Amino acid sequence: MVLRLSAATAADVDQIAAVHLAAFDSNALLHAQFPTPSSRSALQQILSQEMSAAIQNERSGKVVLVVRDTDAENQIISFAKWDLPGLSKGPHHLGGSWPEDCQEQYLDEYYDKAEAAKNRVVGDRPCYRKLCISFSE
């Protein structure tokens, strides 16, 4: 296995979203927030849209890197996405609304607790904020 680290491209967004969901499939919180196959499918679409916006907009304040297995036709096996210091602000997702069959109260509560923890630790000082890192099997 030969691995290559590179910046993500717009063509990578669907594969990144699939890796993200596969990596968190055993996470009970994911299944509590998105309890049905249709809600997880909708989440995959939201993740693809958000990743596309982050990659295509240089002013988004987000960086997305991928790791490719060059022995497996450059398949993406991992990715990392994070906010750059002081540049990213805005909603926790771009989708406008969550799918009807998700548990939005769990999503909002998780987001609020994560933001509160970040504010306790770093306040409003500039910092790198890792949003996600996922590995596929």
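Where does N74 lie? N74 sits in the loop between β2 and β3. This is a predicted model: local features need pLDDT of at least 70, side-chain atom pairs count only at pLDDT 80 or more, and totals for chains, interfaces and linings use all residues. Residues are numbered from 1 along each chain as its sequence is written, and side-chain values use heavy atoms, with hydrogens and water left out.

**Overall layout**

- The protein has 4 helices and 4 strands. Helices (H or I, at least four residues) and strands (E, at least two) are DSSP runs, numbered from the N terminus.
- Read from the N terminus, the order of elements is β-α-α-α-β-β-α-β.
- Of the 137 residues, 34% count as buried. Buried means under 20% relative accessible area, exposed over 50%, and partly exposed in between (1.4 Å probe, protein chains only).
- Among contacts with a separation of 6 or more, 72% join residues 24 or more positions apart. A contact means heavy atoms within 4.5 Å.
- The protein exposes about 8500 Å², and carbon and sulfur atoms supply 53% of that. Accessible areas come from the Shrake-Rupley method with a 1.4 Å probe; for residues, only the protein chains shown count as cover.

- Most residues other than glycine have a negative phi.
- N74 has a positive phi, near 60°, and is a residue other than glycine. N74 is partly exposed, at a relative accessible area of 32%.
- E73 lies in the loop between β2 and β3 as well. Its phi is positive, about 55°, although E73 is not a glycine. E73 counts as exposed, at 78% relative accessibility.

**Aromatic pair**

- The structure holds 1 aromatic pair. F34 and W98 form it edge-to-face, at 5.8 Å centre to centre and 65° between the planes.
- Rings of Phe, Tyr and Trp (its six-membered ring) pair if their centres lie within 6.5 Å; planes under 30 degrees apart count as stacked, over 60 as edge-to-face and the rest as tilted.
- The pair links distant parts of the chain, 64 residues apart. F34 is in the loop between α2 (28–33) and α3 (37–56), and W98 is in the loop between β3 (75–83) and α4 (104–122).
- F34 is buried, with a relative accessible area of 2%. W98 also counts as buried, at 14%.

**Salt bridges**

- The whole structure has 2 salt bridges. Each is a side-chain nitrogen of Lys or Arg within 4 Å of a carboxyl oxygen of Asp or Glu.
- D12 and R68 meet in one of them, at 2.6 Å from N to O. D12 is in the loop between β1 (3–7) and α1 (13–23), R68 is in strand β2 (residues 62–69), and they are 56 residues apart. Both residues are buried.
- K113 and E109 meet in a salt bridge at 3.0 Å, N to O. Both lie in helix α4, 4 residues apart, about one turn of the helix.
- K113 counts as exposed, at 53% relative accessibility. E109 is partly exposed, at 40%.

**Helix α4**

- In α4, L107, E115 and V122 are buried. They cover an arc of only 60° around the axis, so they sit on the same side of α4. The arc is that of the directions from the helix axis to the C-beta atoms.
- The face turned away from the buried side carries the exposed residues K113, R120 and V121.
- G123 follows α4 and has a positive phi, near 60°.
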